[in-house]
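Please look at the sequence and the structure below.

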Amino acid sequence: MKIGILTFFRFNYGAILQAYALQTVLTSLGHSAEIIDYEASHRIESLFTSWTSTKGVALNLSTILRYRKFIERNERIAAFRRQNLHVSEKRYYSSEDLEKSLLEYDAFICGSDQVWHPRADHDCNRAYFLGFVKQDQAIKTSYAPSFGVSSVSQSFQKEIQPWLTDIPNLSVREETGRAIIEQVAGRLSAVVLDPTLLLKSDQWGRIAAPSTVKPPYILVYTTSQRGLFPQLVKHVKKTTRLPLVVLSLTALNLIPMADRVIYDAGPSEFVGLFANATCVCTNSFHGTAFSIIYRKPFWSVPHNATNSRVADLLNRIGLSNRQVSALDQFPEWPLKIDYTAANSLFDGERRQSIVFLKTALQQP
């Protein structure tokens, strides 16, 4: 079966790696999987932000100082996409463009990542909810998409209701997504694992780059410095006395006690750093996912805006205690973790997720 995937797959580590994972799993199931090169706009990606604020000026000046490293990171990302992702030859810029092209796929999958995040762009929403696929044209399935929020506006509900109704096989990445679908469309949906979690560590090892950092080290990967996160990192470093390695998304390093900051990692380097880490501090969903894949001791602080994704995953595999929300919850010994129960729960979740994919893609 030829399958077209609508998902994010460009400049974000998690987006690229989840796209690779879903494509890999579908191929292992005997399908021909292709990521549809859909670009929501003609915007040009830039390393720089606005110069109108003090923060923007500081960030841009830091970017200038590390410009070569960010260029190298982007080159590594582009190389990874070329070498590991099967992407459609044609690029599409609108749902109308997708519809007029009469794409010849036997099935369409939307997801994973936050492709269902509420947007003001109706056309973009229509594409990621497969609204451009005509009835009976092909099998339509959602696999582990995320809304990225715990609730959506009435106007967004009204917009997506007919599209949700028209997707026979619905799944999401977290319980909050299931609740939104039930509220909007009155339908039940499966909660499945993010595609990155469907591949085992040895499968990820095939694309992991050797770590440029010699173990042991604490890996820090965060999308936000809010709350207790800096204090948690400081506590883990002070307790273990291990070198602190920061995988930075921006040119500004906000972890002052870092022993090394890495700005130029591509997706393969990202995986390699997790594979070789002794301990991980992260509040990123995919940072958490790769910590679990490699069975690493890890800790995080809830991130109010997007924490439901991480909390739901940890709850499902019995590792909710890896998130701390108060100083007195900081671990006495950060390098200790017991994956015995989690392994069993995790394997069960993986099996159920693959069964969902197999069943959803069966010809009627």
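Five strands make up an open sheet, with parallel pairing and the order β3-β2-β1-β4-β5. Strands here are DSSP runs of E with at least two residues, helices are runs of H or I with at least four residues, and both are numbered from the N terminus. Two strands count as paired if DSSP finds at least two bridges between them. At the edges stand β3 (87-92) and β5 (139-142), and each has a single partner strand, so one side of each is left without a neighbour in the sheet. From one strand to the next, the twist averages 25 degrees. (Angles run from 0 to 180 degrees between N-to-C directions, and the axes are lines fitted to C-alpha atoms, for helices over the stretch in contact.)

This is a predicted model, in which local features need pLDDT of at least 70 and side-chain atom pairs count only at pLDDT 80 or more, while totals for chains, interfaces and linings use all residues. Residues are numbered from 1 along each chain as its sequence is written, and side-chain values use heavy atoms, with hydrogens and water left out.

Strand β1 covers residues 2-6. How many of its five residues are buried? Four of them are, where buried means under 20% relative accessible area, exposed means over 50%, and partly exposed lies in between (1.4 Å probe, protein chains only). On one side, β1 runs parallel to β2 (residues 32-38) and is joined to β2 by four bridges. Four bridges also join β1 to β4 (residues 107-110), again in parallel. Ile-5 shows both pairings: Ile-35 stands opposite Ile-5 in β2, and Ile-109 is the bridge partner of Ile-5 in β4. Leu-6 has Cys-110 as its bridge partner in β4. In general, strands of a sheet pair through backbone hydrogen bonds, either parallel or antiparallel.

Helix α1 (residues 13-28) forms a right-handed β-α-β unit together with β1 and β2. Right-handed means that, with the strands pointing away from the viewer, the path from the first strand over the helix to the second runs clockwise. This helix, α1, lies across β1, β2 and β4, at about 150 degrees to β2. Contact means heavy atoms within 4.5 Å.

There is another open sheet of five strands, again with parallel pairing, in the order β10-β9-β8-β11-β12. Its edge strands, β10 (260-262) and β12 (298-299), each pair on one side only. Three bridges connect β10 with β9 (residues 244-247), and the two run parallel. Leu-247 is opposite Ile-262 in β10. Helix α10 (residues 267-276) lies across β8 (218-221), β9, β10 and β11 (279-282), at about 140 degrees to β8.

Ser-291 belongs to helix α11 (residues 285-293). Is Ser-291 buried or exposed? Ser-291 counts as buried because its relative accessibility is 0%. A polar atom of its side chain lies 2.8 Å from the backbone oxygen of Gly-287. Leaving aside residues up to four places away in sequence, Ser-291 touches Phe-274, Val-280, Thr-282, Lys-296, Phe-298 and Tyr-339.

Now the whole protein. Its secondary structure comes to 13 helices and 12 strands. Of its 364 residues, 54% are buried. Among contacts with a separation of 6 or more, 74% are between residues 24 or more positions apart.

How values were computed
Polar contact = N/O pair within 3.5 Å; in protein donor to acceptor, adjacent residues only side chain to side chain.
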